[in-house]
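Subject: Structure handover and notes

Hello,

Here is the structure you will be taking over. Please open it before reading the notes below it.

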Amino acid sequence: MKAARLHEYGKPLVLDDVPTPAPGAGEVLIQIGGAGFCHSDIHVIDGDIRVLPRMPLTLGHENAGRVAAIGAGVHSVHEGDPVAVYGGWGCGHCDACVSGAEQLCATPQWVGLSQYDGGYAEFLLIPHERYLIPLDRLTPEVAAPLTDAALTPYRAIQKAQPFLQPDRGVLVIGIGGLGQYGVKLLRLLTGCSIIAVDTAEPKLTLARELGADVTLNAKAPDIAAQIREVTHGRGVSAAFDFVGSESSLALAVASTSALGKVTQIGLAGGTARMKVLENTAFEVQFETTLWGTIKELREVLALAESGRLSSIPIEFASLACINEVYTRVKSGQVAGRVVIRP
Ligand SMILES: [Zn+2]
Ligand SMILES: [Zn+2]
C-alpha cells in the first residue's frame, strides 16, 4: 500500500510502498476513508515537536474509514463497517488510562505520533477494537476531523463549563480547524458571547459565519483594550488559546477577569506568565488540555450524527498531494480542514 512517511525532521514526507498490515488477534485493519491534516503534524514534520520514537513513520492522527479486516476475537465491528478512529492510544493500565483519559497516558502510544503508524496511508492497523466508534449517517471523510479538531475543543469547553455563563464573554484565540470547532461548540453548548481573535481576515469572516459574536484582528493595536471594551470593562470569564505562543497566552491572561479561567490547548508551545497585581486578575485558573477521551469522542460524534454539530469547511486532497497540503496549511491558505483521501 501507499503511505506518506516522515524519514527525517525538516524534510518533506515520502510516498512509500509498504506492506499492508495484517490484523493479529484483537486488532482491526481499517481502509482509510479520510485522514485530517492537522497543524500539529507541521510541528512534527518541522522538528519543533520531536515525539517520534522511530522513523520512517506514517503520520496522521485524525482518521476514519471502513473496517477492511478483523483479527481473531474482535466482536464489536465487522468488515465493511464505517468507523471513526479514536487516536489517543495508551498503555491501558497507568493511572490516566484506567481513569478513562487514555490520551494522557504516561507512555503515550498515539496513532501516527508514536511507534504506531498513522492514517496518511491506504490502510491503518488498529491495536484494539475499543478505539473504533461506528458511524451511522456520517461519512468517514467528514467524521475524520471530529476525532481531533472537534474532540480537543470539546474537552476543553466541557472542563471550563462552570466559567461559561450566558451573561459573560468567552475568548477564542486562533481560528484554525480546532478554533473553528471551538466557536461552533461554544455556540452549541453555552450561552456565552463569543469573541474570536485571529490575524487573518478570512478566518475572522469564517468565525462570524460559525457563530462568533465579535471578531477582532490580533494585528490591531492594543487588542486587550478592545476586548475590555466589548466586555464592558469586565474582561472574559474564560479564554481558550488555540495558538500557543507567548503573545497569544499573554492576551488570554490579560483578557480574563477575576475568578476566570485560561485554557491552553494542545502542544504548540508558548509559556503563560501570570503574576497577580501585575498582569493577572485575582483567582484566575490556568489549565492545559490535551485531545479527549473515548467517551468524549462518542459525545462529539453523537452531536454530529444528530445534525446539531455541522462540519467546518473541508477540502479534500489525495495522498500524492500531501506535501502541497503541508505548504498550504503552513502558509495559512486553507480556510477549514484538509482531509487526505487515499
Ligand atoms: Zn491534531
Ligand atoms: Zn497508560
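The notes below cover the metal site, the pockets, a helix and a strand, and some local backbone features.

This is a predicted model, in which local features need pLDDT of at least 70 and side-chain atom pairs count only at pLDDT 80 or more, while totals for chains, interfaces and linings use all residues. Residues are numbered from 1 along each chain as its sequence is written, chains are lettered from A and ligands numbered from 1 in the order in which they are written, and side-chain values use heavy atoms, with hydrogens and water left out.

Metal site

The zinc ion (ligand 1) has three donor atoms listed: SG of Cys-38, NE2 of His-61 and OD of Asp-148, at 1.8 to 2.2 Å. A donor here is an N, O or S atom within 2.8 Å of the metal (3.2 Å for Na, K and Ca), and since water is not among the atoms, sites may look incomplete. Along the sequence the donor residues follow the spacing C-x22-H-x86-D. His-61 and Asp-148 link distant parts of the chain, being 87 residues apart. His-61 sits in the loop between strand E4 (57-58) and strand E5 (63-70), and Asp-148 in the loop between helix H3 (140-143) and helix H4 (151-159). Helices (H or I, at least four residues) and strands (E, at least two) are DSSP runs, numbered from the N terminus. His-61 is buried at 3% relative accessible area, and Asp-148 is buried too, at 6%. Buried means under 20% relative accessible area, exposed over 50%, and partly exposed in between (1.4 Å probe, protein chains only).

Pockets

A pocket is an open set of points on a 1 Å grid over the protein atoms alone, where a 1.4 Å probe fits, with protein on both sides within 12 Å along at least five of seven lines; lining residues have an atom within 4 Å of a point. Grid points are joined across faces, edges and corners, and a volume is the space filled by probe spheres set on the points.

The largest pocket holds about 1,200 Å³. It is lined by 49 residues, and those closest to its centre are His-39, Gly-174, Gly-176, Phe-242 and Val-243. Among the elements that supply at least two lining residues each are helix H5 (177-189), strand E10 (193-198) and helix H10 (322-330). Helix H1 (39-46) gives the most, with four residues. By type, the lining has 26 nonpolar, 18 polar and five charged residues. Ala, Val, Leu, Ile, Met, Phe, Trp, Tyr, Cys and Pro count as nonpolar, Asp, Glu, Lys and Arg as charged, and the others, Gly among them, as polar.

The second largest pocket has a volume of about 180 Å³. Its lining has 13 residues, with Met-1, Pro-21, Thr-58, Asp-117 and Leu-125 closest to the centre. Strand E7 (residues 123-126) provides the largest share of this lining, three residues. The lining comprises nine nonpolar, two polar and two charged residues.

Helix H8 and strand E16

Helix H8 (246-255) also lines the largest pocket. Its buried residues are Ser-248, Leu-249, Leu-251, Ala-252, Val-253 and Ser-255. These pack against several elements, including strand E9 (169-173), helix H7 (223-230) and strand E12 (236-241).

Strand E16 (337-340) is another contributor to the lining of the largest pocket. Arg-337 and Val-339 point one way from E16, Val-338 and Ile-340 point the other way, and all are buried. E16 runs antiparallel to strand E3 (residues 28-37), with three bridges, and Gly-36 stands opposite Val-339. With strand E15 (residues 314-317), E16 pairs in the parallel sense over four bridges; there Ile-314 has Arg-337 as its bridge partner. Two strands pair if DSSP finds at least two bridges between them.

Backbone features

Most residues other than glycine have a negative phi, and most peptide bonds are trans. Met-55 and Pro-56 are joined by a cis peptide bond, with omega about 0 degrees. Pro-56 lies in the loop between H1 and E4. Leu-259 has a positive phi of about 70 degrees; Leu-259 belongs to strand E13 and is exposed, at 59% relative accessible area. Leu-277 has a positive phi near 70 degrees. Leu-277 is in the loop between E13 and E14 and is exposed at 78%.

Regards

Methods: Contact means heavy atoms within 4.5 Å.
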